[in-house]
Amino acid sequence: MIIYGWLIDHYVEVCGTLTGFLYLGFSIRQHFLTWPVGLLNALFYIAVFYTSRIYADMTLQFYYVVISIYGWWCWYHGSSTGNSLMVTKTDRALWLKLIVSFLLLFTVIAYILLHYTDSQVPYWDAVTTALSIVATWMLARKKIEHWLVWVVVDAISMGLFIFKELYPTTLLFFVYTVLAIYGYAEWKKDLIPEAEEGRLV
């Protein structure tokens, strides 16, 4: 009865956790259901993070709604030839752009959280949010290193969620950390030769 009562009280977070597992599984397999399931997962976590006052992560879920539509399109039509995307590496020029984007996002998000919200963890919230925006864009473009960015995000997020007593979500992110490593290995099997990268993406 105690477990049943807890599930009833936390059903939105539980649903978010379950759709999160599905999202990651489809992502590893490069299945098109990655994106509609990801969109549903984002809707659940908008409610969870609003209640927990983790505002940057809540705002991030709105971005996930948009990027889910973008990623769905990219995986089918996002290459320069109009065909489905292939798994590729991130070149140095793109890495520089991504790092600059992360720093700008972190600065803006941290400023907003510090001055306009009652967030208890503004800097950590800003770090995970900025990195997540970058990593999800990389996923939409099938850049293999996005898995490595997620390892960092998930590890930091676990500490944040333990602090906020979001234990099912902590479990989800622990599994995310392990499966991100597995996902990297799986995607590496489909990695195209570097010589073809510029032609296909």
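Where is the place of Gln-30? I found Gln-30 in the loop between helix H2 (11-28) and helix H3 (34-52). Helices here are DSSP runs of H or I with at least four residues, numbered from the N terminus.

**Ground rules.** I am working on a predicted model, where local features need pLDDT of at least 70, side-chain atom pairs count only at pLDDT 80 or more, and totals for chains, interfaces and linings use all residues. Residues are numbered from 1 along each chain as its sequence is written, and side-chain values use heavy atoms, with hydrogens and water left out.

**Backbone.** I looked up phi next. Most residues other than glycine have a negative phi. Gln-30 is not a glycine, yet its phi is positive, about 60 degrees. Lys-142 also has a positive phi, near 55 degrees. I placed Lys-142 in the loop between helix H6 (122-140) and H7.

**Lys-142 again.** Is Lys-142 buried or exposed? I noted it as buried, because its relative accessibility is 6% (buried means under 20% relative accessible area, with a 1.4 Å probe and protein chains only). Its charged end sits over the ring of Trp-75, 4.7 Å from the ring centre. For that label, NZ of Lys or CZ of Arg must be within 6 Å of the ring centre and within 35 degrees of the ring normal.

**Aromatic pairs.** How many aromatic pairs does a search of the whole structure find? I got eleven (ring centres of Phe, Tyr or Trp, by its six-membered ring, within 6.5 Å; planes over 60 degrees apart count as edge-to-face). Trp-147 and Trp-187 make an edge-to-face pair, 5.6 Å centre to centre with 90 degrees between the planes. This pair links distant parts of the chain, 40 residues apart: Trp-147 is in helix H7 (residues 146-163) and Trp-187 in helix H8 (residues 167-188). Trp-147 is buried at 1% relative accessibility; Trp-187 is buried at 0%. I also logged a cluster of Tyr-45, Phe-49, Phe-161, Phe-173 and Tyr-176, linked by ring pairs.

**Core.** Which residues touch the most other members of the largest nonpolar core? I found Phe-49, Phe-161 and Trp-187, in a core of 53 residues (buried Ala, Val, Leu, Ile, Met, Phe, Trp, Tyr and Cys joined through side-chain atoms within 4.5 Å). H6 gives the most to this core, ten residues. Beyond its neighbours within four places in sequence, Phe-161 is in contact with residues including Phe-49, Ile-54 and Phe-173 (contact means heavy atoms within 4.5 Å).

Terms used:
Phe/Tyr/Trp six-rings, centres within 6.5 Å; stacked < 30°, edge-to-face > 60°. Helix = DSSP H or I, 4+ residues; strand = E, 2+ residues; numbered from the N terminus. Buried < 20%, exposed > 50% of the residue type's maximum accessible area, 1.4 Å probe, protein only.
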